[in-house]
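Hi,

Here's the structure I promised to send over. Have a look, and my notes follow below.

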Amino acid sequence: LQSPYIVNVYDWGQDDETYYIVMEFVRGSDLKTAIQQRGAINQRKAAEIGSQVCQALTVAHNQDIIHRDIKPQNIMVQPDGNVKVMDFGIARAKNSVMTQTSSVLGTAHYISPEQAQGQQATPQSDIYSLGVVAYEGLAGHRPFTGATPVDIAAAHVNNPVPPLPNTVDFQLSQFVMSMLAKDPADRPQDALTVARVLSRI
């Protein structure tokens with residue numbers, strides 16, 4: 001996957017019994033660390049980060065690859081403010097066969113309702129997860145918590161999303177909430193659309 005917004009993988013190899021991957025070195029810190037240190041981030045910056053992530057997702061989705069684990073820990077913010085999406089470790093081609101041993105789910109706090117119910121992930125699943133990231137960035141906390149990952153996944157399926165703080169721009173808030181629609185058909189239908197809307201906002 002070639003994009004200025006995706007951490008590049010240059011090579012792979014094997015040393016005795018150990019396999020390795022040679023990847024781009026990225027300076028900066030992950031978005032999760034930034035939120036933990038500062039709380040809610042600037043709304044303009046949150047929209048800018050979301051737009052850049054969507055440009056990375058557009059490249060992946062155009063090749064029928066779904067990331068399946070979009071979360072702030074997988075979004076690196078570089079010193080110049082640009083982002084890199086990393087860890088396509090559980091990404092898979094949209095039409096590839098799922099086996100019992102390979103059916104890995106994304107992180108519970110960011111999982112889409114359909115993934116939580118064992119359905120196949122789609123581009124709209126990545127959009128939902130990015131919506132959770134955007135919510136966390138704007139509010140300073142995630143929309144759902146729970147005692148166990150199962151509780152949290154169930155909340156994504158069943159519970160209405162709490163409204164964002166009224167200090168968040170109304171247009172931005174409404175758009176993030178549309179990304180968090182329970183039904184994938186009610187979400188923005190592709191990452192490029194999300195990138196354009198966030199850039200406009």
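Which of the 42 residues in the largest nonpolar core touch the most other members? They are Leu31, Ile49, Val53 and Val176. (A nonpolar core here is a set of buried Ala, Val, Leu, Ile, Met, Phe, Trp, Tyr and Cys residues joined through side-chain atoms within 4.5 Å; buried means under 20% relative accessible area with a 1.4 Å probe, protein chains only.) Helix α4 gives this core its largest share, nine residues.

Before you dig in: this is a predicted model, where local features need pLDDT of at least 70 and side-chain atom pairs count only at pLDDT 80 or more, while totals for chains, interfaces and linings use all residues. Residues are numbered from 1 along each chain as its sequence is written, and side-chain values use heavy atoms, with hydrogens and water left out.

Now to α6 (residues 170–179), whose buried residues are Leu172, Ser173, Phe175, Val176 and Met179. They sit on the same side of α6 because they cover an arc of only 165° around the axis, taken from the directions from the helix axis to the C-beta atoms. (Helices are DSSP runs of H or I, at least four residues, numbered from the N terminus.) Leaving aside neighbours within four places in sequence, Val176 is in contact (heavy atoms within 4.5 Å) with Gly131, Ala134, Tyr135, Leu138 and Leu164.

Aspartate 126 is buried yet has no salt bridge, meaning a side-chain nitrogen of Lys or Arg within 4 Å of a carboxyl oxygen of Asp or Glu.

Cheers

Key:
Buried < 20%, exposed > 50% of the residue type's maximum accessible area, 1.4 Å probe, protein only. Helix = DSSP H or I, 4+ residues; strand = E, 2+ residues; numbered from the N terminus. Lys, Arg positive; Asp, Glu negative; His and termini not counted.
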